[in-house]
Each structure stands twice: as structure tokens, then as C-alpha cells.
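Hi,

Here is the structure I said I'd pass on. Have a look, and my notes follow below.

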Amino acid sequence: MVQYNFKKTTVVPSGKDFIDIILSRTQRQTPTVVHKGYAISRLREFYMRKVKFTQQNFHEKLSAIIDDFPRLDDIHPFYGDLLRLLYDKDHYKLALGQVNTARNIIGKIAKDYVRLLKYGDSLYRCKSLKVAALGRMCTVIKGISTSLAYLEQVRQHMARLPSIDPNTRTLLICGYPNVGKSSFVNKITRADVDVQPYAFTTKSLFVGHTDYKYLRYQVIDTPGILDRPIEERNIIEMCSITALAHIKAAVLFFLDLSGSCGYSIEQQAALFHSIKRLFMNKPLVIVCNKIDLQPLEGLSEEDMKLVMDMKAEAIKSVIAQGGDSNDEGVLLTMSTMTDEGVIAVKNAACERLLNQRVEIKMKSKKINDVLNRFHVAIPKPRDTKERPPCIPPAILEARAKANVETEKRKLEKDLEEENGGAGVYSASLKKHYILDDEEWKEDIMPEILDGHNVYDFIDPDILQRLEELEREEGFRLETEADDDFEMDGKELTEEEQALLAEIRRKKKLLIQEHRIKKSTAESRPIVPRKFDKDNKYTTERMGRELSALGMNPTSAINRVRSRSISRRGRKRERSLGREGEAMDIDNDQSNKKLRAMSRSRSASRSRSKSRPPGEVTPGEGFKDSTQKQKAIKIAKKSVKVRNKNARKGEADRVIPNLKPKHLFSGKRSIGKTSRR
């Protein structure tokens with residue numbers, strides 16, 4: 001059972017939120033209607049109630065904060081030292097002290113202003129005293145805003161601390177960084193501690209749980225410790241030292257025999273001897289990890305001597321506790337990579353811790369009261385004949401068969417690791433073929449094309465012919481390289497050189513023109529002008545050519561000018577005709593005459609003609625205009641009643657007010673609870 005659960009600590013609001021919470025609660029839970037015509041005693045009572053209610057809420061909220069935060073002197077020494085280590089003890093006590101002082105000051109303010117309100121002689125005087133009282137209380141809370149913010153940060157960090165019970169059965173794992181402590185915890189518990197191939201991956205205490213002999217054990221993974229004076233150790237290392245100093249647990253000191261952690265066995269032995277005082281009166285197990293990389297028997301004499309010295313120290317601690325001098329369960333080897341010896345280490349540590357706890361209980365005075373209540377009966381043998389257990393042969397055969405079936409089957413992953421790993425091993429897809437002869441599985445399958453075996457048509461001398469072909473190709477390339485030459489102009493005449501210079505100049509101009517076009521491609525029109533790039537085809541030229549052919553070019557020239565995009569400043573002319581009218585006019589008529597003729601026409605011809613409502617357009621679904629007018633008449637008749645009653649329809653744009661303010665704001669007066 002965990003005694004300390006810091007996750008249930010009350011949330012500490014900020015100074016501004018604190019004031020908003022209390023004042024809004026005062027506004028909601030106290031009367032708000034008062035009139036100057038009330039008796040003065042009623043006015044005094046009204047405002048005294050508000051001041052007292054506000055002070056009571058402040059007191060309750062601040063008291064909950066003070067009571068929920070642990071007092072360092074009253075909790076278990078492990079948690080006391082851990083909190084002193086993680087948070088500055090003086091700062092922590094100062095923040096709680098400021099909150100306590102603010103609570104007392106608010107109580108005195110409320111007491112003083114209630115006394116003044118007893119002598120208030122008017123509504124204005126009582127209200128002013130109430131405002132002053134609440135304002136002074138809020139000023140006090142603003143003064144401790146920094147302390148409240150600090151306590152909230154402490155609360156959030158404490159909520160992330162692991163739930164450790166200092167009094168239960170515990171296995172404590174310690175040692176240098178990167179020696180395999182977190183991997184061991186992940187193997188024997190369901191904890192998911194991050195494991196990385198570098199030092200100080202674990203930066204705080206992690207807790208897992210495991211079972212042994214139907215009992216629950218707590219496994220604590222501590223951060224790595226370095227061999228240096230305690231004054232130079234950082235907060236991460238001091239977490240481990242605090243756990244070793246205050247928790248009664250079986251200690252597992254991990255050694256990395258391979259040295260892959262970055263520290264030699266000599267450095268690890270020095271750390272063991274520097275912190276061995278923390279192992280007093282605790283079961284100690286020295287665990288040699290990573291034997292898959294370096295077995296214990298393969299160590300040098302110096303390293304073996306260091307390991308044996310640590311084993312001797314562990315045996316001395318066992319003897320000091322009153323145990324046997326045998327070395328069983330003191331020095332164990334294992335590998336978290338191959339799982340070799342992991343369960344044996346866990347069982348040995350749990351067994352030693354269980355024996356020690358039983359011995360301590362047997363030596364206590366409470367055991368006498370328990371032993372008087374029960375009697376253990378031990379049956380006496382009736383003769384010297386041995387009676388071994390009888391197991392039927394069928395059961396023995398079934399067990400043997402089950403053992404054979406449960407042998408580990410080699411998977412494709414195991415074969416991959418044995419044959420070089422991923423990228424080297426290629427799985428065979430033919431090994432599961434069902435054939436008459438097992439040797440046929442790896443035969444090369446013939447490739448059949450058009451009913452013929454491709455292998456029958458392969459030239460046996462194909463490699464030799466390929467080499468000859470490559471040599472011939474290389475010879476041809478060398479010949480072509482000799483024949484190739486670059487025209488430098490030295491062998492040309494003066495006319496040919498001038499012509500070559502002109503060609504090269506035009507080529508450069510084309511390249512530059514192409515680059516300019518490419519750079520201005522986005523700003524050019526989408527459909528470029530394909531003809532008349534040099535503006536050779538003008539209206540004057542067209543008029544001359546048409547006149548030479550004996551045709552009148554005036555109408556054609558006017559039509560071109562009316563379509564011209566460049567004539568943007570010119571007004572648009574009126575169209576002269578409708579359907580079926582001729583558009584060509586004589587060249588003697590000027591634009592003024594055209595405009596005069598246009599004005600003389602009816603106004604209906606100068607604007608677009610609208611479609612009558614009864615006209616049927618394709619796609620409307622009506623047979624003729626009569627049917628459409630009948631449908632329009634029926635539609636108008638159907639909405640006549642609704643329009644007459646001024647009811648909204650599906651075409652009306654309405655923004656409904658789902659919560660009218662007069663129904664959902666303000667306080668309800670007496671007897672009005674049924675309105676909503």
C-alpha cells in the first residue's frame with residue numbers, strides 16, 4: 001500500500017485566477033439586491049455577510065493548499081530528503097509560510113472591517129467599507145502570486161514522481177551508468193524504462209513490480225552513480241544516494257565485466273567501496289552483467305581479484321546480519337541480452353530479502369503473541385519403509401511428449417541472425433516445396449519461351465564473343481576520335497570566315513532572344529500572337545490590296561478597327577441591327593449619321609430584351625408556356641396564407657436567438673423558479 005500519493009494534491013491557481021474564483025463565488029452565492037430604503041441594520045448585515053463569506057472562501061482555499069502539501073519534517077525520511085533535494089527546502093518552506101501568513105492577514109482584515117461595518121450609518125458608507133475590505137484581501141493575494149506559481153510548479157513535478165512505498169518489499173538496483181540496470185528492470189517487471197547505449201539515460205527513479213512466491217515486490221531503477229565526492233555529485237546521482245540511504249531493500253550492485261559502459265572494473269570496484277556504508281543491514285547481491293561479451297572466467301587476474309574483494313565485503317555484511325558464511329547468492333552472473341541468469345538473479349535477491357524480513361519479525365516481541373495462538377503438528381513416521389510418489393506411465397509419456405513439442409522452433413529471424421543478419425541473408429522460398437525428392441528443391445528452374453528451353457539456345461562461347469565485341473567497339477571509338485576535329489577558321493577563306501562570324505553572331509542573338517523570352521514568359525499573354533510579329537499587315541496595306549482587286553475596303557477596315565484591342569480610349573458603338581438585318585452600309589455615311597440613325601430607333605432596340613415569365617426554356621421540365629403559367633399560379637396560391645400571417649418560410653434569412661438575454665441573465669427573484 002502506497003502511503004504517499006502526491007497526485008491528489010490540490011491544484012494551486014495563479015493570483016489572478018484565485019481572485020476571480022473567490023469573487024465570482026461571492027457574487028453568485030450571496031444576495032445582490034439592496035435598496036437605500038432598507039433599515040440600517042439590514043444594510044449592515046447585507047455587507048457584513050459579503051465580507052465574511054469572502055474571507056471564509058479565502059481561508060478554505062488557502063488551508064487546502066497548506067494541508068495538501070507535505071511537511072518535510074512529518075513524512076518518511078526518504079521522501080523528506082528527496083523533496084529537499086529536488087526543491088530548495090528554504091524556498092519551499094518560505095512559499096508555504098507566505099501562504100499561511102496571507103491566510104492570517106485576510107482573517108484580520110475581515111475582522112477589522114466587520115467591526116467597522118457595525119457602525120456604518122448609510123448605504124454608501126457600508127458599500128465603501130465592503131469594497132475596501134475585498135480590495136485589501138485581493139491585494140494580499142496579489143502579493144503572494146509568485147509563491148502560488150512556485151507551489152503550482154512543485155505540485156506538477158511531485159505528481160510526476162513515482163509512487164514508492166518505503167516500507168514494502170523492495171529490490172534496489174544501483175551501479176555505474178550504462179551497466180544494464182534499466183534492461184534488467186524491463187526484463188523482470190512490466191515497466192517500460194527507456195534504454196539507450198549512452199550514459200545517464202535514466203535521470204530519475206523508476207518503479208516496477210514483480211512477483212515471487214505469491215508476494216509482490218517493488219523494483220526501483222536508480223540513475224547511475226559516479227565515483228566522486230558527495231559534494232560534487234549532481235541531483236541525478238543524489239536521487240540514487242537518497243534511495244540507498246533510506247529504503248530498506250535488497251541492493252543489487254551491477255558490474256559491467258566487458259567495460260562497454262565506458263568504465264573499467266577498477267573504477268566500478270572503487271565506487272562499490274566508496275558507497276558500501278549505504279549497504280549496511282541490507283541484503284547485498286553483486287551482479288556481473290554482460291557475460292555474453294565477457295565471461296567471468298575470462299577476466300584477468302587483477303580484475304578477478306577486484307571482483308573477489310567485493311564478494312568478500314558482501315559476505316562480511318551477511319555475517320554481520322547474523323547469516324551463514326556461505327557465498328551462495330552473493331556473486332551472480334547474467335546477461336540481459338540473452339536472458340541468461342536474469343530470473344536466477346531476481347529469485348536470489350527476493351529470497352534473501354524475504355529471509356531477512358522473516359528473521360526480523362521472529363526477533364520482535366509481537367511473535368510471541370502470535371505463536372501462542374497456533375500449533376504446528378508434524379506427523380511421525382510409522383515405519384522405515386519409503387513411499388515415493390506414484391505417477392502413472394501415461395502421465396509421464398504425456399509430459400515427455402509436451403516437452404518435445406515445446407522445444408523452441410527455429411524461426412526465419414533466428415536463421416537470419418545466424419547467417420549474417422539483414423541485407424546478407426536471403427530467405428529461400430523453395431524450402432517448403434513438396435517434391436518427391438528433397439534434393440530437387442534447389443534445382444534451377446528452366447525458363448521456357450515459346451515452348452523452347454532458353455538454355456538450349458545459349459552460346460557456350462558467349463563470354464569470349466562479348467570480349468571480342470567490346471575490343472572492336474573500343475577500336476572504333478578511338479578511330480572516330482582521331483577523325484573528329486573542331487572548326488577553328490584557320491583553313492577557311494576570308495568570305496567563309498565572314499560567313500562563319502555572321503552565323504555565330506545570329507546564333508548568339510537567337511540564344512539571347514530565347515533567354516529573354518524565357519525570363520518574361522510569365523508576363524506574356526497566354527495565347528501569343530502567331531502572325532504579324534513586325535506589324536507589317538496594317539489596315540492601310542489591307543486597303544491598298546483590296547482596292548487593287550477592285551473591292552471597297554471601308555466596311556472591312558471599320559470592322560477591324562471596332563474589334564481592335566489597342567483602341568481602348570474609343571467609345572463602344574451601338575449595334576445597328578437585329579436578327580436578319582444587313583450590317584454593311586455605304587462608305588459615304590459617317591459616324592455622326594450612324595449615331596443619329598441609332599437614336600431614332602425605338603428604346604426597346606437599344607437594350608437587351610428580357611424573357612417573358614411564361615416563356616419555356618429547355619431544362620425547366622414544362623411542356624409549354626400554358627403549363628408553366630399554371631404552375632406559377634399554383635405556387636403563388638400555396639404561399640398566400642403564410643405570407644398573410646407573416647410567417648417565415650424556407651427562403652427567409654433568419655438568425656434565431658436561441659438564448660434570449662431576458663430569460664438567461666441576471667438573478668431570479670423569489671417565486672420565479674418555474675419560469676425556465
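Let's begin with the strands: E2 (residues 206-212) runs antiparallel to E3, and 7 bridges join them. Strands here are DSSP runs of at least two residues and helices (H or I) of at least four, numbered from the N terminus; two strands pair if DSSP finds at least two bridges between them. E2 and E3 make a hairpin with 2 residues between them, and Lys-213 in that turn has a positive phi of about 55 degrees. Tyr-212 sits opposite Leu-215 in E3.

On to E1, which pairs with E3 in the parallel sense over 4 bridges. There, Ile-173 stands opposite Asp-221 in E3. E3 (residues 215-221) is largely enclosed by the rest of the structure, because 5 of its 7 residues are buried (under 20% relative accessible area, 1.4 Å probe, protein chains only).

Now the helices. H8 covers residues 235-246, and its buried residues include Met-238, Ile-241 and Leu-244. Those buried residues of H8 pack against helix H3 (77-86), strand E1 (170-175) and strand E4 (250-256), with contact meaning heavy atoms within 4.5 Å. At the start of H8, a side-chain oxygen of Asn-234 comes to within 3.3 Å of the backbone nitrogen of Ile-236.

H4 (residues 89-117) has buried residues too, among them Tyr-92, Leu-96, Val-99 and Arg-103. Their cover includes helices H2 (40-68), H5 (123-143) and H6 (145-159).

One caution: this is a predicted model, where local features need pLDDT of at least 70, side-chain atom pairs count only at pLDDT 80 or more, and totals for chains, interfaces and linings use all residues. Residues are numbered from 1 along each chain as its sequence is written, and side-chain values use heavy atoms, leaving out hydrogens and water.

Cheers

Notes: Expected span 1.5 Å × (residues − 1). Buried < 20%, exposed > 50% of the residue type's maximum accessible area, 1.4 Å probe, protein only. Polar contact = N/O pair within 3.5 Å; in protein donor to acceptor, adjacent residues only side chain to side chain.
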